[in-house]
Amino acid sequence: MVFLPINISACANIERAICSGVCHYLPMALQMPKSLKPDTPGVTLRPRGRESLVAPIEAVRMDKTADATAEPGSLPQRLAIDVRNVSLTFETADGKVDALSNVSLQVADGEFVSFIGPSGCGKTTMLRVIADLQQPTAGTLLVNGMTAEQARLARRYGYVFQAPALFPWRTIEKNLKLPLEVMGFSDSEQRQRAARYLALVNLTGFERKFPWQLSGGMQQRVSIARALSFDPALLLMDEPFGALDEIVRDHLNEQLLQLWDKTGKTVLFVTHSIPEAVFLSSKIVVMSPRPGRIIDIIDCDFPRDRTLEIRETPEFLKIAQRVRVGLRAGHSYDE
Amino acid sequence: MTSSTFALPASAAGALRHHPLVVRYAPIVTIVLALIAIWYVAAVMMNLSLVRGGFEREETPYTVSELIAGTMSAERPLLPAPHQVIAAFVDSVFGYAPTAPRSLVYHSTVTLSATLLGFVLGALFGIGLALMIVHSRVLEKSLLPWIICSQMVPILALAPIFIVVLGAIGLQGLLPKSIISAYLCFFPITIGMVKGFTAPDPMQLDLMRTWSATPRQVLAKLRWPAAVPYLFASLKVAITISLIGAIVAELPTGAEAGIGARLLAGSYYGQTIQIWAALLASAVLASGLIGLVDMTERVVGLQMGARP
């Protein structure tokens, strides 16, 4: 269990391309998803310490039954997300809108995947489909080996929205306890978890405050703590830092990265920002609008304990450049 | 408003104009004084021919000042002067034992108990209807037209029917009055609470869904607290309406007690001062009730993290 295997051949190619310094845009607009099917099992062995992940999970997890990802037998081939040929069409007054068109994506356990693309490219829809907040019109979708609805009913993921969406009539502590109340945790467990996750986002001491007494960044941290409080293996984040200023954003990015490193959760992260995507991710999914589709998937192999300084390195700029090229290609497709 | 309330600086009227007490109360006091002045003028003008007729019938000579004094002290004036109304009000509130049939306190308690019972019934009914409407599209379509229709029929026409029908099935006294009052006051509560229950942000509803909360949990932990501001806004409207309902319900019964009965008796016997005193009593009751709802709203608001 030293290695985390990724069974995606295309990504292996991309990795090689990056490693060998060849960095040009690969015109794989719609072929890409097909080549992602794991029936061509090209396995990359990534020397990323799985052990270093496992220990913190054990430390953080209180309720082992709430987390089924720890079955030892199923670890090596484990896919957190398995999306195949998913399409979603909205019927609007102006006719049909293809929010997602034949999208396929596999995400291994413990990855940090960013979705980037212009408005209307379906990145938020993608997240909502995975969260079972919207149902695809075609295709199959597995979350932790379950259907999206089963995963939602089993409370397997935490969702962080663009806005903190705190409940204004509840104190910070009670906001944190809300999902725990809904899920029927015991009183003492609720108190312990609220304290622990407030400490995790550096907000100890704000228990009795109401949301309006906190700044926007603090509120968003509370909402992240709330999503983590029931210890889901999967974290879905929809532009959580979109409304924050650059400095707060950098700070929260670092904190989020540490959190991911510490807990080993799988994170799906929607963003508009290229530096943010490259800095945070182990994999970047570039999307394009009308119809919403994946046009590139880029692996991003910085160490898990990366710092903000890596943003000045040539490797970072190279990946950012490739994301930018992909985004531009998606746009020109439109014209 | 940081300066001390009672520190009057030696320098002049300019400072007085900005004194906190003046800033706060001057507009209200001005309006009240103007209204009282207008009232006195109106009382003189309306009662003038009545008083002059009285003097002429008795063939006594009179002066203008006697005439004006007469307009303000007539026993059954067309429009009683403010001081007459207040004197009658004070007399009938403090002049009798609270259980005496001439005491306004007694009549007010009778009306108040019907009002409060009607208000509670109406609030429960209104909230229940709102819950049904929010949770079922079918019910929304089938109930809402009837709810709106119910408010189009004048209550003065409906009240006697209610009293007769309820009397026929053996309901008398407090309950029929409360039912009429509830019939009037449930409407703003239903409308307000439908709005309130649908007030939560789509994001908050999505959150509850991601936690796979049951409909009951969504109601208790999200829809209900989100509706509280709407609840208090509609309660404030409803409580005055339920007071009006209770008073109106006292009219057709020929009830012997209650503010409505007092108004009716006053108009039978031309006791205008008594009518005005009863009106004053209902105004005092109404503002007291609104004040009560207001205070509850503030206390609840503090507990629910409202900004002070």
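Here are a few notes on chain B of this predicted model.

1. Some ground rules to begin with. Residues count from 1 along each chain as its sequence is written, and chains are lettered from A and ligands numbered from 1 in the order in which they are written. As the model is predicted, local features need pLDDT of at least 70 and side-chain atom pairs count only at pLDDT 80 or more, while totals for chains, interfaces and linings use all residues.

2. Chain B has twelve helices and zero strands. Both are DSSP runs numbered from the N terminus: helices are H or I with at least four residues, strands E with at least two.

3. On to the overall form. The C-alpha trace spans about 90 × 70 × 35 Å along its principal axes.

4. Chain B splits into domain 1 (12-78) and domain 2 (104-303), with bounds from an automatic or database domain assignment. Their C-alpha centres lie 37 Å apart.

5. Now have a look at helix 11 (residues 259-268): its buried residues include Ile259(B), Arg262(B) and Leu264(B). Buried means 20 or more other C-beta atoms within 10 Å of a residue's own, exposed 12 or fewer, partly exposed in between, with C-beta atoms placed from the backbone. Among what covers these buried residues are helix 5 (104-135), helix 10 (215-250) and helix 12 (272-303) of chain B. Just after helix 11, Gly270(B) takes a positive phi of about 65°.

6. Across chain B, buried residues make up 31% of the 308 residues.

Notes: Two residues are in contact if their C-beta atoms, placed from the backbone, lie within 7 Å.
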